[in-house]
Amino acid sequence: MDHLPANLTRALYRDMRTARDLDAEAVALQRQGVFPAYVSVRGQEAAQVASAAALDPGRDFVFPTYREMASALAYGVDMVGYMASHRALWHGGLYDVMASRFGAVNAVVGGPVPHAVGWAVGEGLRGGDGVALSYFGDGASSEGDVHEAMNFAGVFGAPVVFFCQNNQWALSVPNERQVAGGSVAARAQGYGMPGLVVDGNDAGAVYEATADAVARARSGQGPTLIEALTYRVEPHSTSDDPGRYRDDAEAERWRVHRDPLVLLRAALVAAGHADEPALAEVDAEAARRAEEIRDGVAGAPEPDGSDLFTHVFREGTEELARQRRTWQEEVEL
């Protein structure tokens, strides 16, 4: 960590701390009935924040799953609009996907991967130098869409970074029943691309690995597969009971001894990039920002009911117009 710029490491800690606090606020919102459901990112902040920080929001594009809140925050996405996805106010949230260059929440397992490859191929055809980064999990690595997308990217040299957050559990299925051949990264050789395993709880290691992969893709050398080893310390979602399929002591070991925030904080102090009083100020500001986002998303107005008819077809139909008139008449009664 001491060989990364001090301002970068402090920014990584700030965003990871904010994501941790916002994650806790989001779980509370679900328990209060504001969110129908929520998927926690706790324990995966380093993998998400550091990988997003290695990109250029002005020209790159991120394709997330449903668990990349910390990446969205680090990438500069409007977080009230992003978190509105969890309130089910609007499909994909209330932020501008194209302006943010951060895709809508994708709950299809493995779904963001072919999307990223398609965008990357299009970027090459346009003559641009943007890079796509696709997040997916260890469970998604077994999906046919993921294999096909990686093979396609390898054949055509698409500028893509495939970023697998291996958090040890594909919902209730452990790694040893999910991944053959030793690791997800080992599969990269068959697709004609480099594959590497990195400590997903070491923010510095994640940043460097991702920055190298982005530079490689941007220079026309094709895709890279990164497998970031981390751990999902919380349930798969707020409706999951991990006690039914895993040992609570295992999760507690990762929570206590491999917490990415604790590791980064110690590295910052050891490298002389920050002291405890300065970090305490960062913690306080992160908590304030998380609370502001919480209040913003909890108070966001629901969309007008007419939106039900707005994006059904590219060109309207007579039947859709009839349904809209009927809806309007019922509203006005």
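**Reading the model**

A: The largest share of the lining of the second largest cavity, 3 residues, comes from helix H7, where helices are DSSP runs (H or I) of at least four residues and strands (E) runs of at least two, numbered from the N terminus. This is a predicted model, in which local features need pLDDT of at least 70, side-chain atom pairs count only at pLDDT 80 or more, and totals for chains, interfaces and linings use all residues. Residues are numbered from 1 along each chain as its sequence is written, and side-chain values use heavy atoms, with hydrogens and water left out.

Q: How many cavities of 30 Å³ or more are there?

A: A cavity is a set of points, on a 1 Å grid over the protein atoms alone, where a 1.4 Å probe fits but cannot get out; lining residues have an atom within 4 Å of a point. Points are joined across faces, edges and corners, and a volume is the space filled by probe spheres set on them. The count here is 2 cavities of 30 Å³ or more. The largest cavity holds about 50 Å³, and its lining includes Arg20, Arg42, Trp254 and Asp259. The second largest cavity has about 30 Å³, with Ser141, His147 and Tyr191 among its lining residues.

Q: What classes of residue line the largest cavity?

A: Ala, Val, Leu, Ile, Met, Phe, Trp, Tyr, Cys and Pro count as nonpolar, Asp, Glu, Lys and Arg as charged, and the others, Gly among them, as polar. The lining of the largest cavity divides into 4 nonpolar, 2 polar and 5 charged residues. For the second largest cavity, the division is 5 nonpolar, 2 polar and 1 charged.

Q: What volume does the largest pocket have, and which residues lie nearest its centre?

A: A pocket is an open set of points with protein on both sides within 12 Å along at least five of seven lines. The largest pocket has a volume of about 340 Å³. Its lining has 22 residues, and Tyr66, Gly137, Gly139, Ala140 and His236 lie nearest the centre. Strand E2 (132-137) and strand E4 (169-170) are the elements that give two or more residues to this lining.

Q: Where does Leu171 sit, and what is its phi?

A: Most residues other than glycine have a negative phi. Leu171, in the loop between E4 and strand E5 (173-174), has a positive phi of about 60°. Arg101, in the loop between helix H5 (97-100) and helix H6 (112-126), has a phi near 55°.
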